[in-house]
Amino acid sequence: MPTMTFNSSLNLFSTEIGLVFLALGILVTDLFLKDSRERGKLLANIAMGGVALIFAQLVFSFGTFGKALNGSFVRDGLSSYFKLLFLL
């Protein structure tokens with residue numbers, strides 16, 4: 001079995017890493033916005049745009065399958081399908 005480099009195994013986590021950075025970005029953005037009706041709309045638009053970008057990234061990297069963390073993390077067709085279903 002070929003060994004994976006750090007960059008290729010990090011590529012398998014790209015969806016999860018993107019969601020974490022999106023959530024942190026929204027939380028930090030919320031700290032700096034004033035209380036108003038537009039704040040909720042802005043944060044919702046940022047969240048929907050971020051999820052749409054992560055969804056598109058997952059669709060375009062659908063053929064990237066592999067294992068990471070000594071086989072405890074597996075990215076295959078079934079896991080990608082359920083990630084797509086969750087992001088919808």
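1. The contact between α3 and α4 brings Val51, Ile54, Phe55, Leu58 and Val59 of α3 together with Ser80, Lys83, Leu84 and Leu87 of α4; contact means heavy atoms within 4.5 Å. The residues of this contact comprise seven nonpolar, one polar and one charged. In this scheme Ala, Val, Leu, Ile, Met, Phe, Trp, Tyr, Cys and Pro count as nonpolar, Asp, Glu, Lys and Arg as charged, and the others, Gly among them, as polar.

2. The model is predicted: local features need pLDDT of at least 70 and side-chain atom pairs count only at pLDDT 80 or more, while totals for chains, interfaces and linings use all residues. Residues are numbered from 1 along each chain as its sequence is written, and side-chain values use heavy atoms, with hydrogens and water left out.

3. Helix α3 spans residues 37-60 and helix α4 residues 77-87; they pack at an angle of about 160 degrees with their axes 10 Å apart. α3 is therefore roughly antiparallel to α4, a class for angles over 145 degrees. Helices are DSSP runs (H or I, at least four residues), numbered from the N terminus. Axes are lines fitted to C-alpha atoms over the stretch in contact, and angles run from 0 to 180 degrees between N-to-C directions. The crossing of α3 past α4 is left-handed, that is, the near helix is turned anticlockwise from the far one by less than a right angle.

4. Ser80, in helix α4, has 0% relative accessibility and so counts as buried. Buried means under 20% relative accessible area, exposed over 50%, and partly exposed in between (1.4 Å probe, protein chains only). Leaving aside residues up to four places away in sequence, Ser80 touches Leu58, Phe62, Phe65 and Arg75.

5. There are three aromatic pairs. The ring centres of Phe62 and Phe65 are 5.9 Å apart and the planes lie at 80 degrees, so this pair is edge-to-face. Tyr81 and Phe82 form another edge-to-face pair, at 5.3 Å centre to centre and 75 degrees between the planes. Rings of Phe, Tyr and Trp (its six-membered ring) pair if their centres lie within 6.5 Å; planes over 60 degrees apart count as edge-to-face. Phe62 is partly exposed at 35%, as are Phe65 at 41%, Tyr81 at 46% and Phe82 at 48%.

6. Gln57 belongs to helix α3 and is partly exposed at 28% relative accessibility. Beyond residues up to four places away in sequence, Gln57 touches Ser14 and Thr15. The C-alpha atoms of Gln57 and Gly18 are separated by 9.7 Å, at 39 residues apart along the chain.

Methods:
Phe/Tyr/Trp six-rings, centres within 6.5 Å; stacked < 30°, edge-to-face > 60°. Helix = DSSP H or I, 4+ residues; strand = E, 2+ residues; numbered from the N terminus. Parallel < 35°, antiparallel > 145°, perpendicular 65-115°, else oblique.
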